[in-house]
Amino acid sequence: MTSTYHNPVLLHECITHLNIRPNGIYVDGTLGGGGHTEAILKQNSSCKVLAFDVDQDAIKSAQERLLPFASRIIIEQANFRQLRQILDVHKISAINGLLLDLGVSSFQLDHSQKGFSYRFDAPLKMQMNDRESFSARDVVNEYDEEQLADIFFHLGEEKHSRRIARAITKSRTQQPIETTTQLARVIMNIIPERFAKKTLSRIFQAIRIQVNDELNNLRQTLNDALEIIDYGGRLAVISYHSLEDRIVKDFYRNEASDKIYDPNYPELSQSKQPRLEIVTRKPIVSAENEVHENPRARSAKLRVAVRI
Ligand SMILES: C[S@@+](CC[C@H](N)C(=O)[O-])C[C@H]1O[C@@H](n2cnc3c(N)ncnc32)[C@H](O)[C@@H]1O
């Protein structure tokens, strides 16, 4: 399970930019198959890692892989949004770096019964943490037409959001939509075949983000991170779509600025102390050969900042 679980993306670039120090404490908020964590632990023989994942399959796979480093790693099945509480539990008051490699792993996408992909017939689930009860089935069958259209538009950037929302609400008056295949069929009935793949990807992405509250997890954790990353420590985030990347980019820009700027009242902008220095003016993307070996790396963008 370990070797095929997930190929870590931008591995070398992450490790270089995290600037791993002797005795440093690093948090990997998205453990997955443990590829990034393993590389951090190998980079320096005295550093420690606290790693999170919400998915128990990820935890099991990574625990096995990281057994040789057991004395230097704590693994928690938890949302990275709980970072501050969990650091408190372990009496850790500051860390030297935080890595977030967002979204889902290859294992999750390719595990048919998790319901993330329209490529497999499966119950509409899509919870990264399958102990959660709120699922894609609830979104698809309980949200009203306007709520569905809004998430397809805002979280999927889908321009046919209204038509698709209408088709779903009409279809479920006959019978509930229970599976990925049923949902895909409803969408494909109203979208020309040549657009089907991209449209299905956008709609499935939107539902997944909603089910797992992904954008709020990210916003909250970026804010919290500044309270716990030590001066000189690093924040590294890999995003896979423009919604996440925009949140990271705007957060870094605001925190690196020495002004509080309100676009509605530009004349009232006030001075403040910047809390971050941006290391990557432009995001780091994968080289051709990485994309060739691992197509998932194609959309990856790594942004790094230092706590000042
Ligand atoms: C892209 S994969 C990370 C892969 C990992 N870097 C590796 O080298 O294998 C993302 C992982 O983060 C987990 N995840 C996503 N959002 C999370 C959150 N808010 N809290 C904890 N884990 C999360 C997912 O369950 C998934 O296993």
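Two residues touch, or are in contact, if their C-beta atoms, placed from the backbone, lie within 7 Å. Keep that in mind as we look around this predicted model.

Let's start with Tyr 26. Leaving out residues up to four places away in sequence, Tyr 26 touches Leu 18, Ile 20, Ile 40, Cys 47, Val 49, Ile 95, Asn 96 and Gly 97. Tyr 26 also belongs to the largest nonpolar core, which has 46 residues; along with Leu 98, Leu 235 and Ala 236, it touches the most other members. Strand β5 (residues 229-239) is the top contributor to this core, giving 5 residues. There's a second, separate core too: its 29 residues include Ile 203, Phe 204, Ile 207 and Ile 209.

Now for a pair of helices, α12 and α13. Their axes come within 10 Å and cross at roughly 25°. Angles under 35 degrees count as roughly parallel, so that's what α12 and α13 are to each other. The crossing is right-handed. Here's who meets whom:

| Helix | Span | Residues in the contact |
|---|---|---|
| α12 | residues 214-228 | Leu 215, Leu 218, Arg 219, Leu 222, Leu 226 |
| α13 | residues 242-256 | Leu 243, Glu 244, Ile 247, Phe 251, Glu 255 |

Sorted by class, this contact has 7 nonpolar, 3 charged and no polar residues.

Beyond residues up to four places away in sequence, Leu 302 touches several others, including Leu 10, Cys 14, Ala 236 and Ile 284. Phe 251 sits 51 residues from Leu 302 along the chain, with 14 Å between their C-alpha atoms.

Technical notes. Residues numbered from 1 in each chain as written. Predicted model: local features only at pLDDT ≥ 70, side-chain atom pairs only at ≥ 80, totals over all residues. Core = buried A, V, L, I, M, F, W, Y, C linked by C-beta atoms within 7 Å. Buried ≥ 20, exposed ≤ 12 C-beta atoms within 10 Å, placed from the backbone. Helix = DSSP H or I, 4+ residues; strand = E, 2+ residues; numbered from the N terminus. Axes fitted to C-alpha atoms, helices over the stretch in contact; angles between N-to-C directions. Parallel < 35°, antiparallel > 145°, perpendicular 65-115°, else oblique. Left-handed = near helix turned anticlockwise from the far one by under 90°. Nonpolar A, V, L, I, M, F, W, Y, C, P; charged D, E, K, R; others polar.
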